[in-house]
Amino acid sequence: MFSLLSLIRQGDTTAAIMFVLSGCFVVFVCSPIHELSHAWVAYKLGDTTAKNDGRLTFNPIKHIDPIGMIMILVFGFGYAKPVPVNINRLKNPKRDMALVALAGPASNIVLAFILNFVAYAIAYFGGNSQVTEVLYSFFFYGAYINIALAAFNLIPIPPLDGSALLPNKAYYKYMMYEKYAMIALLVILVTGVLDKFLGVVSIALMQFISIIPSLIFG
């Protein structure tokens, strides 16, 4: 699992700086797209709650959560301010809620593919220069953080997006203990278990989205 702490421990100052810069790009560009995707899909499926709340926008100020932002910059995964959704306004509540939930992680995977493709192109055309290395690191870490965000948000614990994919009975039971679920998530985060899990999943997904650019650029 790439993180600011692991790069600092390795003594790679340049990589650590690029990780933070990539994290800032994700916080101010990619996370708003993630939340906007939730809001847009909900709006298209009949719920105007997010639109009325001003969340149907690219403006990062509307979406940033301070703790989630710090997590992204330090750990490489985190969250933004949840988009409000009124499930009663959706035409097919269970199905549509799942679509709304999946929209955010899906946007991160698409963004990761684009950034990773650009990283491959830079490495292929840029030659062996310091500028090439810096630019490659920026786009590679940007892709990796997006993948980690997608994986993190698909964990089936409220209020993460993956909770919307649970069966109704399990979902409502989870919601009853939402605050305890988040405490458990934080404990797992502190112990490092979540880092290892997300690291394995993120690396596997990075390899998957690298298939096409590796075939093109070799």
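A salt bridge here is a side-chain nitrogen of Lys or Arg within 4 Å of a carboxyl oxygen of Asp or Glu. This is a predicted model, where local features need pLDDT of at least 70, side-chain atom pairs count only at pLDDT 80 or more, and totals for chains, interfaces and linings use all residues. Residues are numbered from 1 along each chain as its sequence is written, and side-chain values use heavy atoms, leaving out hydrogens and water.

Let's start with the charged pairs: the whole structure holds two salt bridges. In one, Asp47 meets Arg89 at 3.9 Å, N to O. That pair links distant parts of the chain, 42 residues apart, with Asp47 in the loop between α2 (13–44) and α3 (49–52) and Arg89 in the loop between α4 (66–75) and α5 (93–126). Helices are DSSP runs (H or I, at least four residues), numbered from the N terminus. Asp47 is buried at 0% relative accessibility, while Arg89 is partly exposed at 41%; buried means under 20% relative accessible area, exposed over 50%, and partly exposed in between, with a 1.4 Å probe and protein chains only. Arg95 and Asp96 form a salt bridge too, at 2.7 Å, N to O. Here Arg95 is partly exposed at 47%, and Asp96 is buried at 0%.

Now turn to the helices. The axes of α6 (residues 130–153) and α9 (residues 193–209) come within 9 Å and cross at roughly 120°; axes are lines fitted to C-alpha atoms, for helices over the stretch in contact, with angles from 0 to 180 degrees between N-to-C directions.

Key: Helix = DSSP H or I, 4+ residues; strand = E, 2+ residues; numbered from the N terminus.
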